[in-house]
Amino acid sequence: MIVPVTGVFAAVIGILLLVLSGQVVRFRLKYKKGMGITDDRDFEAAVRAHANLVEYAPIGLLMLAVAELNGVPSGLIYWSGMMLVVGRILHAWGMINGRGGTHWARMLGIVLTWLAILVTAILLLWNVWQVYAG
């Protein structure tokens with residue numbers, strides 16, 4: 001089985017992960033800090049933006065893939081995936097540009113990410129209900 005819609009979103013999130021990893025490595029080299037952070041807010045924001053992607057993206061992508069494999073209409077998966085990807089990009093951008101503080105992009109990114117996970121969870125439950133209760 002193939003999951004082309006999820007595959008595209010996984011690729012974009014993979015590229016975002018590499019970009020955020022590069023930000024963290026840049027600070028680690030600058031401060032010669034292999035582990036942990038310094039008191040530099042920008043360093044801390046870069047680490048948290050990277051970590052937050054790693055915390056949320058896997059479950060979102062896994063849910064999208066399961067939905068796609070289970071036959072949820074690809075248009076619904078597409079829109080959920082777009083919310084996830086746009087949410088993760090906005091969150092990272094807002095985290096870094098807001099230096100870890102309140103930033104409109106960070107807040108909107110959180111809302112879109114949570115909404116994507118919620119919508120995908122509902123799609124998965126609806127799909128299972130249709131298959132086994134129908």
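View 1. Glu55 is partly exposed at 45% relative accessible area, where buried means under 20%, exposed over 50% and partly exposed in between (1.4 Å probe, protein chains only). Arg48 is partly exposed at 32%. The two form a salt bridge, with their closest N and O atoms 3.2 Å apart. A salt bridge here is a side-chain nitrogen of Lys or Arg within 4 Å of a carboxyl oxygen of Asp or Glu. By this rule the count comes to 2 salt bridges.

**View 2. Arg99 and Asp42.** A salt bridge joins Arg99 to Asp42, the closest N and O atoms being 2.7 Å apart. The pair links distant parts of the chain, 57 residues apart. Arg99 sits in the loop between H3 and helix H4 (104-132), and Asp42 in helix H2 (residues 41-69). Helices are DSSP runs (H or I, at least four residues), numbered from the N terminus. Arg99 is partly exposed at 39% relative accessibility. Asp42 is partly exposed at 29%.

**View 3. Helix H1 against helix H3.** H1 (residues 4-31) and H3 (residues 74-97) pack at about 10°, axes 9 Å apart. Therefore H1 is roughly parallel to H3, a term for angles under 35 degrees. Axes are lines fitted to C-alpha atoms over the stretch in contact, and angles run from 0 to 180 degrees between N-to-C directions. Contact means heavy atoms within 4.5 Å. Residues making it include Phe9 and Leu16 of H1 and Tyr78 and Arg88 of H3. The contact residues divide into 14 nonpolar, 4 polar and 1 charged. Nonpolar covers Ala, Val, Leu, Ile, Met, Phe, Trp, Tyr, Cys and Pro; charged covers Asp, Glu, Lys and Arg; the others, Gly among them, are polar.

**All views.** This is a predicted model: local features need pLDDT of at least 70, side-chain atom pairs count only at pLDDT 80 or more, and totals for chains, interfaces and linings use all residues. Residues are numbered from 1 along each chain as its sequence is written, and side-chain values use heavy atoms, leaving out hydrogens and water.

Conventions
Helices (H or I, at least four residues) and strands (E, at least two) are DSSP runs, numbered from the N terminus. Angles under 35 degrees count as roughly parallel, over 145 as roughly antiparallel, 65 to 115 as roughly perpendicular and the rest as oblique.
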